[in-house]
Amino acid sequence: MTKKRILIIMTALMLTFSSQVMAQAFGGKGSKQLLIGLGLNQHRGLFAQNGQGIKGSYSPFAGGLNVQMEFGIHDYVGLGFFTGFESFSNLRGGTFNPAYYGYGYYGSSSYWGMALPIGFHANFHFLQLIADKTGKSFADKLDVYAGLSIGSGVMFIFPKQHLKDDYPAGTKLSDVGPMIFGGGHVGIRYYPFDKLGFFAEVGYGKSLVQGGISLKL
């Protein structure tokens, strides 16, 4: 092998190593990350009394497919949005009020539903701050952060068959209403590969608990 080839290989290795050292799990200002995960959500839906339908507010536990995008606006701060799809079979109780049948109370097994949340979040990536202040490299692949989220969306509620059997055909038993939710969360992301990693979050707001893959764009 010629000296020229050896020099080229050594230079390539040095550049590769340098890029790995300079890489950060959270890329700071200008970075973009897409997170796709599965989780357990609890979002509140609001339903007005409308004569023939469900009334009140509901906070069902729902399985969810969650998608979120984060944009770095500072070395340690990211802003973004999230959406997804969730479904549930437990409303934790519900009141049905058909005008001409009077009030009737039904347990959580009487309704099922689905929801489409959408909202915004802000994250502070404090592990990157600690790494920068101490001159350490532990934030190259690992990112730990805390944040806040707020959101809305739409929730759909449908009766199960045994509830439909109690009323004449055409009685309005299903309903749709807005959601409102918000809260704090903490999360961790780990990037064993340059662009592909994994994440987990716990909190109250966009999700109670979720985990999945994280992609640097």
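Modeller: A pocket is an open set of points on a 1 Å grid over the protein atoms alone, with protein on both sides within 12 Å along at least five of seven lines; in a cavity, a 1.4 Å probe fits but cannot get out. The structure is a predicted model, in which local features need pLDDT of at least 70 and side-chain atom pairs need pLDDT 80 or more, while totals for chains, interfaces and linings use all residues. Residues are numbered from 1 along each chain as its sequence is written, and side-chain values use heavy atoms, without hydrogens and water.

Colleague: How much space lies in the second largest pocket?

Modeller: Its lining, made of residues with an atom within 4 Å of a point, includes Gln 24, Gly 27, Asp 194 and Leu 217. Ser 31, Lys 32, Gln 33, Lys 195 and Lys 216 also line the second largest pocket. The volume, which is the space filled by probe spheres set on grid points joined across faces, edges and corners, is about 180 Å³.

Colleague: What is the volume of the largest cavity?

Modeller: A search of the whole structure for cavities of 30 Å³ or more finds one. Asn 66, Val 67, Gln 68, Phe 82, Thr 83, Lys 206 and Gln 210 form the lining of the largest cavity. Its volume is about 50 Å³.

Colleague: Which strand supplies the largest share of the lining of the largest cavity?

Modeller: Strands here are DSSP runs (E, at least two residues), numbered from the N terminus. Strand S4 (61-72) and strand S5 (77-88) each give at least two residues to the lining of the largest cavity. The largest share, three residues, belongs to S4.

Colleague: Which residue forms a salt bridge with Glu 70?

Modeller: Side chains of opposite charge can pair when their charged atoms come close. A salt bridge is counted when a side-chain nitrogen of Lys or Arg is within 4 Å of a carboxyl oxygen of Asp or Glu, and the structure holds two. For Glu 70, the closest N and O atoms are 2.6 Å apart, and the partner is Arg 189.

Colleague: How many residues apart in sequence are the parts that Arg 189 and Glu 70 tie together?

Modeller: Glu 70 lies in strand S4, whereas Arg 189 lies in strand S10. The pair therefore ties together parts whose separation in sequence, in residues, is 119.

How values were computed. Helix = DSSP H or I, 4+ residues; strand = E, 2+ residues; numbered from the N terminus.
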